[in-house]
Structures are given as C-alpha cells and as structure tokens.
Amino acid sequence: MAATKQTLLFPGGVSKPVNVASVPQRSPFRYPGGKTWFVPSFRRWIKYKIVKPNILIEPFAGGGIISLTALFERLVPKAVMAELDEDIAAVWQCIIDGDAGWLADQILNFDLTRESVIEEVSKPATNTKERAFQTILKNRTSHGGILAKGSGFLKLGENGKGIKSRWYPATLAKRITNLQHVAERIDFRCEDGLKVMKEFSDLEYAVFFIDPPYTAGGKKAGKRLYKYCDINHEELFTICDSIKGDFLITYDNADEVKALAEIHGFQYRLIPMTNTHNATMQELVIGKDMSWMDTPKCPALRAIEPQ
Ligand SMILES: C[S@@+](CC[C@H](N)C(=O)[O-])C[C@H]1O[C@@H](n2cnc3c(N)ncnc32)[C@H](O)[C@@H]1O
C-alpha cells in the first residue's frame, strides 16, 4: 500500500475500545498516557511474528505496562526500559536493585493522610529507595497520577474518598513484590530514550515499543503531564528508519505525525481508546507493516526462535 493512501479503518481489526479491566494491571503506577489499553494489540503484534523477538526495547517506559506484560507473559525473554524522569526511574531502579520488599513494606505501613503525605514527600530522599517511595506516594495521591510540577492532590477522588481514593496498599504492595519475578530480565536505564533506540537499532530480532510524550495541544499540554516532554519527533522517526528489528510507535492522531510517518514510508492505523474522561478517542499506531491489525484473528502461533 502506498504510504500516502493509508487505510485508517480496519474492518477486521479493533473496532471497540479495550476494557482495561480485562488486562492484568502489573504496574505500580497510575500513569498519564499509560498504555494498558494497548496490551491486547501488543500481544497480537508479537504473536503474529514468525520469528520470536529476543528483546523488547521500551525507550519511553513511564509506567511500563507493555514491558511488564511482555515479560510476565513470556512474549519476550528480556526488556530494556528507559525513562528520563528521575523520580519514575527511582521506582524501577529500586525494584531492580532488589528493594521491592522494602518498598512494599513502606506502602503497607504508611498511615496515609494529606498531612503525612506532605511530610513524607518533603523530606530530602537520601537514596534511591526513599525516592521511589516518595514517587509512589505522589503518583497515587496526585490528580491524574501526574508528577509534573503544578499537579495538585486528588480532591474528591473516587467515591468522595479524596486523597485516599487511589491508595490500595495491599494491592500495590502485591504488585511490587510480584515484580521481583521479572526484575532480573529488565535492563533499566535512566537515559534519553532516543539514545537507547540508537544503541539497539542494529539488532535484527529486537522489537521496540515507542510511546513518546504526545504533541497534542503543543508543548504546554505535554508539560502538564510529564517533567520531560521535549522530544525531537523528526529525529525519532529518523532513528526508526535505522531499526533492523521491528517497532510500533503510538501517538496522538495529529496531522503532523501522520505526515512524518508518510515521509518515512511507514504505515499507520487508528485504534480506539477510552480516555480518563470516558470519551472514546482514536490514537495512531505506526509501524513498518501494520497489516497484522487488519485481520480478524492472528494466525496460529508459529513462532520460531531467532538463530
Ligand atoms: C506517553 S509516556 C509513556 C507511558 C507508558 N507507555 C505507559 O504505559 O505508562 C512518555 C514517557 O516518556 C518519558 N520521557 C520524556 N522524554 C524522554 C526521553 N528523552 N527519554 C526517555 N523518556 C522520556 C516521560 O517522562 C514519560 O514517562
């Protein structure tokens, strides 16, 4: 198909947003722009492959749901996760350093009130694990899970429970301790995702799940959600040109992104999702060959180990 004549609707593909409750929630974060809703499509993409990937690269990891799912479901043997935000990075690093049990205990033993959160997050963190705990507290008590400067506490929250409405200590502690099962298979970097993409671009059987900060609403909108959001999108596409393995990029449905995809000869499809305000929206999924999204079912698993 010519790049300029993209099929935007896919009769055999996904037509309704995914019910995220059907996807095992493995991330300790509530993440703005999180991709839980993309999990069924990601599984399908991997299962469609004739040669099984030997590594997943997630250069903009955030809450990391795609890497975690891929590792738990053995879709890939290992994953490289990169995230530039030092607070988020502290959580991943803490888990990988073997401190998941410590973090889970902190969560279980914390008596959460507005005052106790303010006191805890105002302390200077003296090490990675303390910073990780502060990050989880902020993430769970801030409006929309947003950690960027200027985000306030949850006010009414769920069922009028205010600041406590997203604080499920037992569930969170379990999620975090469960991560010990996959921690050894994660190579985490607090680095620029573009640099990490370049580092692995030569690997033939690598797959990349690329979910950069969005462009919708310009930089201002991005700044509200993330501390780091200034990505050179043209450079990102240029790096994708050099990827010998395979990749998927998810983006907001913006004309300038579609134009970039076309310039680089990539294909794209639209996929429905439900946003935090329960509105159904369309997002873009970009890749080298998107035909796997057009068929009603993926073929029987016929994965071959890479040589
Ligand atoms: C759309 S979010 C990723 C969400 C993630 N896929 C999930 O499911 O939770 C984009 C992430 O990229 C991070 N980020 C921004 N610039 C970055 C960079 N240059 N390198 C690595 N991460 C970056 C942001 O902090 C944010 O966490």
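**Helices α4 and α7**

Helix α4 (residues 100–109) and helix α7 (residues 169–178) have axes that come within 9 Å and cross at roughly 180 degrees. Axes are lines fitted to C-alpha atoms, for helices over the stretch in contact, and angles run from 0 to 180 degrees between N-to-C directions. Helices (H or I, at least four residues) and strands (E, at least two) are DSSP runs, numbered from the N terminus. The two helices α4 and α7 are therefore roughly antiparallel to each other; angles under 35 degrees count as roughly parallel, over 145 as roughly antiparallel, 65 to 115 as roughly perpendicular and the rest as oblique.

On the α4 side, A100, G101, L103, A104, I107 and L108 meet P169, L172, A173, I176 and T177 of α7. Residues are in contact if their C-beta atoms, placed from the backbone, lie within 7 Å. By class, this contact of α4 with α7 has nine nonpolar, two polar and no charged residues. Ala, Val, Leu, Ile, Met, Phe, Trp, Tyr, Cys and Pro count as nonpolar, Asp, Glu, Lys and Arg as charged, and the others, Gly among them, as polar.

**Basis of the model**

The model is predicted: local features need pLDDT of at least 70, side-chain atom pairs count only at pLDDT 80 or more, and totals for chains, interfaces and linings use all residues. Residues are numbered from 1 along each chain as its sequence is written.

**Helix α6 and its partners**

Helix α3 (residues 86–96) packs against helix α6 at an angle of about 120 degrees, with the axes 8 Å apart. The pair α3 and α6 is therefore oblique, and the crossing is left-handed, that is, the near helix is turned anticlockwise from the far one by less than a right angle. The contact involves D87, I88, A90, V91, Q93 and C94 of α3, together with T128, K129, R131, A132, T135 and I136 of α6. Its residues comprise six nonpolar, three polar and three charged.

Helix α5 (residues 114–122) also packs with α6 (residues 128–141), at an angle of about 140 degrees and with axes 9 Å apart. Here too the crossing is left-handed. V117, E120 and V121 of α5 make the contact with Q134, L137, K138 and T141 of α6; these residues divide into three nonpolar, two polar and two charged.

**The seven-stranded sheet**

An open sheet of seven strands has the order β3-β2-β1-β4-β5-β7-β6, with mixed pairing; two strands pair if DSSP finds at least two bridges between them. Strands β3 (186–189) and β6 (267–274) stand at the edges with a single partner strand each, so one side of each is left without a neighbour in the sheet. On average, neighbouring strands are turned by 20 degrees against each other, direction ignored.

Strand β1 (residues 55–58) pairs in the parallel sense with β4 (residues 206–210) over three bridges, and I55 has A206 of β4 as its bridge partner. With β2 (residues 79–82), β1 likewise pairs in the parallel sense over three bridges, where V80 of β2 is the bridge partner of I57. From β1 the chain crosses through helix α2 (residues 65–72) to β2 in a right-handed β-α-β crossover: with the strands pointing away from the viewer, the path from the first strand over the helix to the second runs clockwise.

Technical notes:
Contact = placed C-beta atoms within 7 Å.
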